[in-house]
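Please examine the model below before reading on. The paragraphs after it are meant to be read with the structure in view.

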Amino acid sequence: MGLNANQLLEIKLLLIKKKWYTKSFFNLFCEFIAGFQTDEEINLILKLSKDFLWIKYEKYLDYLKELLNKIYIEENYLSDKKTIIIAPLLNFSDNDINKVKSSNFLCYISKSHEIQNLLIFKNKKQKILESVYTFEKNKILEEIYAINEIKLDYDESFYIKKIKNLEKDVLDDRLLILVDDFIGSGQTAQEAIKFYSDVCGFKKENIRILSFVIHNDGLKNIMNSGIKNEQIYYIYNIKKSISEGILEGKYSKKDLEVMKKIEEKLGLKEIEKLGYNQSEALVTLIRTPNNTFPIFFKRKSFLTPPFPR
């Protein structure tokens, strides 16, 4: 559908207000909007775009510093901890465990001098796990316990459910911080918590979750895994944008119907509709999570998304 002068102006003003405006991105976004067939569809997408959160990679270091400082201050300067371990928030039973994830990247930049100079690490032993090889076989266990020369007696298989002869009390002076840029449904976080507590021996009270953005669904699921709200640190807390927006009077049931009609044209799997697990998220980071409405990242012949995965 061709865009009229008013729509082009609205798009330009939107991008300027969101601090997204460049000539190339303006052209891309106009092409994206022009892929919709009715004014009703276009108005909804523009409305959703106003609520869209885009965290660019240059903010990663600042946000990581902000959250680590917050942990340090809010937890009495970690005076009872001798060792700080930063590890990726990963599902260790996932088939694509050997792929580089955003959580690995956050661990890597935690090794930068700007992070290392933070007070949270002052006079503490520290270990940062970021390499993919760390997660082959039982390397992660060796990495964690080598800090204090704790020897393990474990099965040869990586997917062990239990470590033999491990005294969990030796871990009380260690704080484990699991990091990622985004938590959606919380399923990955639940698996990670289970691994680090059941397999690696950390008490849940000594685990902290750090994420730039967390969905309400994920927050609830993490707390259902035995992690308290005060153990979870984040910058942004998001929700199901249209469904919860209806309750707030920001969106209407008609908006949800329009979105579902748009998604019918995309030929989505049931689990993809409205974003993975019906998350209705409006967010992109270094990469767009599949919890975001698919219209913003799915490539189709009639649709050029602004934030492709």
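Predicted model: local features only at pLDDT ≥ 70, side-chain atom pairs only at ≥ 80, totals over all residues.

Residues are numbered from 1 along each chain as its sequence is written, and side-chain values use heavy atoms, with hydrogens and water left out.

Helices and strands are DSSP runs numbered from the N terminus (helices: H or I, at least four residues; strands: E, at least two). Helix H1 (residues 5-17) and helix H3 (residues 39-50) have axes that come within 11 Å and cross at roughly 15°. Axes here are lines fitted to C-alpha atoms, for helices over the stretch in contact, and angles run from 0 to 180 degrees between N-to-C directions. H1 and H3 are therefore roughly parallel to each other; angles under 35 degrees count as roughly parallel, over 145 as roughly antiparallel, 65 to 115 as roughly perpendicular and the rest as oblique. On the H1 side, the contact is made by Gln7, Glu10, Ile11 and Leu14, and on the H3 side by Asp39, Ile42, Leu46, Ser49 and Lys50, where contact means heavy atoms within 4.5 Å.

H3 also packs with helix H11 (residues 253-264), at an angle of about 105° and with the axes 10 Å apart. H3 is therefore roughly perpendicular to H11. Here Glu40, Glu41, Leu44, Ile45, Lys47 and Leu48 of H3 meet Lys254, Asp255, Val258, Met259 and Ile262 of H11.

The cysteines come next. The structure holds 0 disulfides, a disulfide being a pair of cysteine sulfur atoms within 2.5 Å. Cys30 is buried at a relative accessible area of 10%, and Cys107 is buried at 0%. Buried means under 20% relative accessible area, exposed over 50%, and partly exposed in between (1.4 Å probe, protein chains only).

Which backbone angle marks Asn76, although it is not a glycine? Asn76 has a positive phi of about 55°. Most residues other than glycine have a negative phi. Asn76 is placed in the loop between helix H4 (60-74) and strand E2 (83-88), and counts as exposed at 53% relative accessibility. Tyr77, also not a glycine, has a positive phi of about 60°. Tyr77 lies in the loop between H4 and E2 and is partly exposed, with a relative accessible area of 47%.
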